[in-house]
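User: I'm new to this one. Can you walk me through it, quick answers please?

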Amino acid sequence: METVQQKKRVLAIDFARGTSVILMMMVHTMLIYGTIATQTNTVLGEIILWLGRGTTMFLVSMGISFVLSRRQTFTAVCKRALYILAVGYGMNFLKFLVPEFLFGGLPEAFISAYGLKSGTLETGIFFLLLGDILQLAGITLFIMGLINHFSKSKYVPLIVALLIISISKELSGFRVGIAGLDYICDLFFSNQFNVYFPVFPWSAFILIGMFLGRWYKELNENQYLFFKKMMFVGLAFIVTGGLLNFSNPEYHFGDYYHLGPGGSILLLGTNLVLYWFINIIVNLFKANNPIFNLLTFCSKHVTSLYVIQWVLINWGMYVLGFWEHDQWFVLSLFPVVIASSISIQLAYNGIKLLLKARWSSKNNNELIVNS
């Protein structure tokens with residue numbers, strides 16, 4: 001998810017993905033610190049609610065980036081999928097279990113919001129196995145690896161994506177009634193908040209990105225033509241999704257985390273058109289721009305920044321509380337969370353470079369001595 005190597009970087013993809021990283025920090029800050037009234041009955045809350053729909057842009061970017069990456073072998077993709085899953089569960093450990101040990105338990109208000117009790121094994125297991133976007137990404141990478149191994153047609157990921165969208169709502173909540181297997185079912189079909197991004201329907205957004213990435217290559221990486229065609233596909237999706245939502249809004253878009261076909265198609269269409277618009281903006285201002293540089297940095301380090309910001313926000317509950325603050329206080333936290341997350345990422349990068357330089361120097365010295 002972090003490293004995309006290609007002949008010519010698609011700046012609009014970097015811009016979109018980097019923007020989604022910044023937006024998710026703001027959304028998560030609001031979700032943890034803002035009161036329910038702040039989230040639902042204020043101007044800032046409404047804005048952040050809609051900005052949260054930018055998750056789809058992040059997922060589509062992931063699919064496009066997958067195609068543009070050089071790591072295309074089935075083995076490499078599976079290794080990456082396992083790595084992402086490990087990072088996802090490691091993040092849960094850092095977010096929930098480490099602070100529970102350090103601070104003597106998760107905040108009571110936070111646990112109560114999930115209908116759980118503090119200090120129980122059930123609560124610990126629940127939070128360790130909580131399904132988030134990294135679990136979705138890891139599982140979807142396996143699916144993409146299989147598609148990539150058996151077919152190079154751009155239409156295969158598109159067909160699979162549309163099939164997933166069409167049946168997701170009907171499969172929502174499916175379980176087999178066997179402990180352990182039910183958790184696997186939840187990762188794919190959950191209609192509860194033990195899994196926020198079930199594979200059905202959210203993997204479809206990544207697979208649509210895979211379709212777009214293959215289409216981009218077919219167009220000989222002609223970015224102008226690519227984004228123009230993306231706009232027309234997006235408009236067709238908006239019309240289709242809009243009609244479906246109008247016919248039954250509760251079924252299609254009643255629950256953002258567990259969308260019906262109309263909601264998924266409408267969100268996809270909106271984000272594809274937004275991509276076309278972003279490409280126009282990028283082409284107008286793509287000179288050495290500090291904002292673009294920041295967003296490109298966030299795009300390159302999307303996975304680690306995702307983990308860093310969530311750990312910071314969750315640990316911050318022990319100082320600032322959970323669901324306790326008005327919109328102005330939450331607004332003041334946005335730059336703090338963003339700056340802190342990026343600073344930690346920069347420090348981490350610096351430490352890595354330092355250790356790498358020392359390791360290289362040590363090896364060179366050993367070679368000189370041995371020679």
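Predicted model: local features only at pLDDT ≥ 70, side-chain atom pairs only at ≥ 80, totals over all residues.

User: Where is Phe297 placed?

Analyst: Phe297 sits in helix 15, which covers residues 290-300.

User: And what does Phe297 touch, not counting residues up to four places away in sequence?

Analyst: Four residues: Ile342, Gln345, Leu346 and Asn349.

User: What separates the C-alpha atoms of Phe297 and Phe74?

Analyst: A distance of 28 Å. Along the chain, Phe297 and Phe74 are 223 residues apart.

User: Now confidence. What's the mean pLDDT of the chain?

Analyst: The mean is 90. Of the residues, 94% reach 70 or more.

User: Where is confidence lowest, and where is it highest?

Analyst: Helix 17 is lowest, with a mean of 85. Helix 10 is highest, at 96.

User: Switching topic. How many salt bridges are there?

Analyst: The structure has 2 salt bridges. One joins Glu218 to Lys154, with the closest N and O atoms 2.9 Å apart. That pair links distant parts of the chain, 64 residues apart. Glu218 is in helix 11, and Lys154 is in the loop between helix 8 (133-150) and helix 9 (155-171).

User: Is that Lys154 buried or exposed?

Analyst: Lys154 is buried, because its relative accessible area is 7%, and the cut-off for buried is under 20%.

User: Which side chains meet at 2.6 Å, N to O?

Analyst: Asp186 and Arg175 do, in a salt bridge. This pair also links distant parts of the chain, 11 residues apart. Asp186 is in helix 10, while Arg175 is in the loop between helix 9 and helix 10.

User: What is the relative accessibility of Asp186? And what about Arg175?

Analyst: Asp186 is at 6%, so it counts as buried. Arg175 is at 47%, so it is partly exposed.

User: Which residues form a nonpolar patch on the surface?

Analyst: Phe174, Val176, Ile178, Leu181 and Ile184. Together they have about 430 Å² of accessible area.

User: Where is Leu181 found, and what is its relative accessible area?

Analyst: Leu181 is in helix 10, residues 181-189. Its relative accessible area is 46%, so Leu181 is partly exposed.

User: Now the backbone. Which peptide bond is cis, with omega near 15 degrees?

Analyst: The one from Phe200 to Pro201. Pro201 lies in helix 11, which spans residues 199-218.

User: What is Ser264 in contact with, leaving aside its neighbours within four places in sequence?

Analyst: Pro201 comes up again there, along with Ile165, Phe205 and Leu259. Ser264 lies in helix 14, residues 261-285. Ser264 has 0% relative accessibility, so it counts as buried.

User: What's the phi of Glu221?

Analyst: Positive, about 60 degrees, although Glu221 is not a glycine. Glu221 is in the loop between helix 11 and helix 12 (223-247). At 23% relative accessibility, it counts as partly exposed.

User: What about the phi of Trp323?

Analyst: Trp323 has a positive phi of about 55 degrees, and it is not a glycine either. Trp323 sits in the loop between helix 16 (302-320) and helix 17 (327-370). With a relative accessible area of 33%, Trp323 is partly exposed.

User: How many disulfides does the count come to?

Analyst: The count is 0. A disulfide is a covalent bond between the sulfur atoms of two cysteines. As for individual cysteines, Cys78 counts as buried at 15% relative accessibility. Cys298 is buried too, at 0%.

User: Last one. Where is Gly115?

Analyst: Gly115 is in the loop between helix 6 (108-113) and helix 7 (121-128). At 65% relative accessibility, Gly115 counts as exposed. Gly115 and Leu102 are 13 residues apart in sequence. Their C-alpha atoms are 23 Å apart in space.

Notes
Residues numbered from 1 in each chain as written. Heavy atoms only, no water. Patch = residues over 30% accessible without salt bridge, like charges linked within 9 Å, V, L, I, M, F, W, Y side chains within 5 Å. Areas by Shrake-Rupley, 256 points an atom, 1.4 Å probe, with all protein chains shown as cover. Salt bridge = Lys/Arg side-chain N within 4 Å of Asp/Glu carboxyl O. Helix = DSSP H or I, 4+ residues; strand = E, 2+ residues; numbered from the N terminus. Buried < 20%, exposed > 50% of the residue type's maximum accessible area, 1.4 Å probe, protein only. pLDDT = per-residue confidence, 0-100. Disulfide = S-S within 2.5 Å. Contact = heavy atoms within 4.5 Å.
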